[in-house]
Amino acid sequence: MLDDDVASNKAIGSYGSRFLRDQQKIVPRFSVLTHCNTGSLATAGYGTALGVIRALHAEGVLERAYCTETRPFNQGSRLTAFELVHDKIPATLIADSAAAALMKESRVSAVIVGADRVAANGDTANKIGTYSLALCAMHHHIPFYVAAPLTSIDLSLSSGEEIVIEERSAKELLHSQGGLGEQVAASGILGVITKNNDAFNIKDFVEKAAGKSTA
């Protein structure tokens, strides 16, 4: 499985690099923006989206890699930035909210991300923030690619509407260091209202958040 995954990752990198160069033949060097971590720390080795960036760099056509910090758990700043520095790949870490401005300044040739799950129709679920990047890329006419192995495709899912989205701990947003540090958000600012007997008990939620009765 280890050998197969690394081989698959390297194939994704090679195919991705070749496809990007074929699609943008007038571009001598590429600046690629990526999101979250899709490298050796997220796979068995080499990576998917980061594998494409590695392949572009190895072929001498990568101008720069931009990695988002990827809030709230900061996989981009903690993991992707580490891998890029380790491999001596020219790279810049940007705030998640700076991606649109970077695209507006024509400093991004393409956006390449990984995938947590891909449905049969091509709908893709990935780290929170991916959808925003896709919309920004579309607005600025920048190609947006998903680099993923066949194991990420679930043919039993007809569309993305059937993909179960993971609900992360609220601490990741309320506390620093992706939930591992001190609380930085006001208590009571965030909560989840769930159904009880097919109905939302909003009044009870509000009372608990405010610490008093709303009557």
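Visitor: Why does Y145 count as partly exposed?

Guide: Buried means under 20% relative accessible area, exposed over 50%, and partly exposed in between (1.4 Å probe, protein chains only). Y145 has 21% relative accessibility, so it counts as partly exposed. F19, at 40%, counts as partly exposed too, because of that value.

Visitor: What kind of model is this?

Guide: It's a predicted one: local features need pLDDT of at least 70 and side-chain atom pairs count only at 80 or more, while totals for chains, interfaces and linings use all residues. Residues are numbered from 1 along each chain as its sequence is written, and side-chain values use heavy atoms, with hydrogens and water left out.

Visitor: What makes F19 and Y145 an aromatic pair, and of which kind?

Guide: Rings of Phe, Tyr and Trp (its six-membered ring) pair if their centres lie within 6.5 Å; planes under 30 degrees apart are stacked, over 60 edge-to-face, the rest tilted. Here the centres are 5.6 Å apart with 90 degrees between the planes, so the pair is edge-to-face. By this rule the count comes to one aromatic pair. F19 is in helix α1 and Y145 in strand β7, 126 residues apart; helices (H or I, at least four residues) and strands (E, at least two) are DSSP runs, numbered from the N terminus.

Visitor: How do you know that R78 lies over the face of F73?

Guide: NZ of Lys or CZ of Arg must be within 6 Å of the ring centre and within 35 degrees of the ring normal. R78 lies over the face of F73 at 4.7 Å from the ring centre. R168 lies over the face of F73 as well, at 5.7 Å.

Visitor: How do you know that β1 and β2 pair?

Guide: DSSP has to find at least two bridges between strands. Five join β1 (residues 30–34) to β2 (residues 62–68), so they pair, and they run parallel. V32 stands opposite A65 in β2. The open sheet has five strands in the order β3-β2-β1-β4-β7.

Visitor: Why are β3 and β7 called edge strands?

Guide: Because each pairs on one side only.

Visitor: What makes the largest nonpolar core a core?

Guide: Such a set holds buried Ala, Val, Leu, Ile, Met, Phe, Trp, Tyr and Cys residues joined through side-chain atoms within 4.5 Å. The largest has 19 residues, with V32, I53 and L62 among those with the most contacts inside it. Helix α2 gives the largest share, five residues.
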